[in-house]
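This note is written for a colleague who meets the structure for the first time. The points below may be read beside the sequence and the coordinates.

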Amino acid sequence: MMCPHDCTGPVVWIANLHISLAYPNVMILESVRSFYNGFYKILVDNLPEVQNGFALPMKGIGLGVDLNSSLLASQDTNKKITTTRDI
């Protein structure tokens, strides 16, 4: 039995959605509605459609989501870029 937990942000929640849709024994994928309906929309360009409590698969390549370009361009955003030299 698997029950993914969402407290880390929209990208991890969407990754957990992908895993949940592929895993045959998922009981529930936790979501915080206030995050989904609130600040998650500021952070990413696309969120899964939720109908009657069920999140539908994302469209597109990879996870089907990118960080909002305005978030990345903001001077208030703290970014850390890891390179192979840092490993």
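Predicted model: local features only at pLDDT ≥ 70, side-chain atom pairs only at ≥ 80, totals over all residues.

1. A residue counts as exposed when its relative accessible area is over 50%, and as buried when that area is under 20%. Asn52, at 77% relative accessibility, is therefore exposed. Asn52 is placed in the loop between β1 and β2. Its backbone also deserves a remark: the phi angle of Asn52 is near 55°, a positive value in a residue other than glycine.

2. The mean pLDDT of the protein is 87, and 98% of the residues reach 70 or more. Among the elements, α1 has the highest mean pLDDT, at 92, whereas α2 has the lowest, at 79.

3. The overall architecture may be described as follows. The secondary structure comprises 4 helices and 2 strands, and their order along the sequence is α-α-α-β-β-α. The C-alpha trace spans about 40 × 30 × 25 Å along its principal axes. Of the 87 residues, 23% count as buried. Among contacts between residues at least 6 apart in sequence, 54% join residues at least 24 apart.

4. Helix α1 covers residues 10-22.

5. Which residues of α1 are buried? They are Pro10, Trp13, Ile14, Asn16, Leu17 and Ser20. These residues cover an arc of only 160° around the axis, and therefore they lie on the same side of α1. The partners against which they pack are α2 (33-36), α3 (40-43), β1 (50-51) and β2 (54-55).

6. Ser20 may be taken as one example from this helix. Ser20 belongs to α1, and it counts as buried because its relative accessibility is 11%, below the limit of 20%. Neighbours within four places in sequence being left aside, Ser20 is in contact with Met2, Pro4, Val26 and Leu29.

7. The segment before α1 contains both Met1 and Asp6.

8. Apart from neighbours within four places in sequence, Met1 is in contact with Asn25, Val26 and Met27. The C-alpha atoms of Met1 and Val26 are separated by 5.8 Å, although the two residues are 25 residues apart along the chain.

9. Asp6 has its own set of contacts. With neighbours within four places in sequence excluded, these are Trp13, Glu30, Ser31, Val32 and Tyr40. Trp13 is among the buried residues of α1. Asp6 and Leu29, which are 23 residues apart in sequence, are 7.8 Å apart in space from C-alpha to C-alpha.

10. Asn68 lies in the loop between β2 and α4 (69-73). With a relative accessibility of 15%, Asn68 counts as buried. What does Asn68 touch, residues up to four places away in sequence not being counted? The residues are Lys41, Ile42, Leu43, Val44 and Asp45.

11. At least two residues of the lining are supplied by each of α1, α2 and β2. The largest share, 4 residues, comes from α1. The reader may wish to recall here that α2, which contributes to this lining, is the element with the lowest mean pLDDT.

Definitions and conventions. Residues numbered from 1 in each chain as written. Heavy atoms only, no water. Expected span 1.5 Å × (residues − 1). Buried < 20%, exposed > 50% of the residue type's maximum accessible area, 1.4 Å probe, protein only. Arc of directions from axis to C-beta. Contact = heavy atoms within 4.5 Å. pLDDT = per-residue confidence, 0-100.
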